Amino acid sequence: MTEQNQEAENWRGILWAMLSVIGASAMAISVRGASLGLDTRLLVGYRLFFTLILIGILILIVPRLRSKVHFKQPRAHLIRGILMAFSVHLGFYTLSIVPLAAAAILFATAPIFATIISVAMGRETIGIRRTLAILIGLYQQVKDLVKGSNKDVNYLVGFIGTIIVMRPSSEIIDTNMIYGIGSSIFFSFSLVMSRNLARTDGPLSTLISTSAIGLIVTIPLAAPVFEITTDTNIILWTLVLIIFGILRQYSDIQAYTYAQAAVIAPISYFRVVLIGLMAYLFFNEIPVVTTYIGATIIIAATIYITNRERLAKN
């Protein structure tokens, strides 16, 4: 692929990444709302089960989609499905117990891990500007957390200890932080696999395999807490979770099909803004104002840096 074609696909990937951010933000809020009445293991099960039902109905309604369902790499599908299952379970639990703005910052590290993994595996290279964009994003988020409450400082210590030092210790890291970081690491591996799988088998096949394998992993975990709720609010939150979960997962697959991980990584920071705003509107969680300022700077700087690199190559 020529550099010009890669840049064009990078921009397509960026658009899908923005849709993913919207889906992920709405999903995060709905997980918090639904977890007030249901165990997160059960929420994962409901999400995966109804995702498969909706996909099945769609395939029945649109017959031409059947030709797009094939699994040429069954082993890769299995591995990615298991990775995603662990990522979702850890992520949902994190959203139920960690302040949403802090959780958003934790999850924003996934594309960073994905970039590191892609480079380590030799799947892509990154220029100095993109490297700086990622590092600036990390620095700004850490700086914003410093300006927060004492509880935020605990998150800061855990963030630094896990991302930079990579030697976690229960003495310095909030235990709840580990779940979020673990979710991001599992998710980053699955994102790296998404690019190859989506190109060979298509995003629909990848979505189906991920949901099916995830459901198989989830059934024994959710069985002990199984229940059918009649609470209208919980049902509505769960429906939002399912719909936007599908949007987020499909968009992630498409984003990493077209664009390099280093291009997509900075886009995820916008999630901090959306989740922080929705957390305030729905759950009265008051975010730190500097987080919005920092996120705005990150987004603007990243778009500028990426565009400068595109123009330089042209």
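These legends go with several close-up views of a predicted model of one protein chain.

View 1. Residues are numbered from 1 along each chain as its sequence is written. Because the model is predicted, local features need pLDDT of at least 70, side-chain atom pairs count only at pLDDT 80 or more, and totals for chains, interfaces and linings use all residues.

View 2. Of the 314 residues, 51% count as buried, meaning under 20% relative accessible area with a 1.4 Å probe, protein chains only. The chain exposes about 14,600 Å² by the Shrake-Rupley method with a 1.4 Å probe, and carbon and sulfur atoms supply 68% of that area.

**View 3. The largest cavity.** A cavity is a set of points on a 1 Å grid over the protein atoms alone where a 1.4 Å probe fits but cannot get out. Five cavities of 30 Å³ or more are counted, and the largest holds about 240 Å³, a volume being the space filled by probe spheres set on the points, joined across faces, edges and corners.

**View 4. The lining of the largest cavity.** Lining residues have an atom within 4 Å of a point. There are 18 of them, with M27, S87, F107, S183 and R248 closest to the centre. Helices α1 (3-34), α3 (74-97), α8 (175-201) and α12 (270-283) each supply at least two lining residues, and α3 gives the largest share, six.

Key. Heavy atoms only, no water. Buried < 20%, exposed > 50% of the residue type's maximum accessible area, 1.4 Å probe, protein only. 1 Å grid on protein atoms, 1.4 Å probe; cavity = no way out; pocket = protein on both sides within 12 Å on 5 of 7 lines; lining within 4 Å. Helix = DSSP H or I, 4+ residues; strand = E, 2+ residues; numbered from the N terminus.
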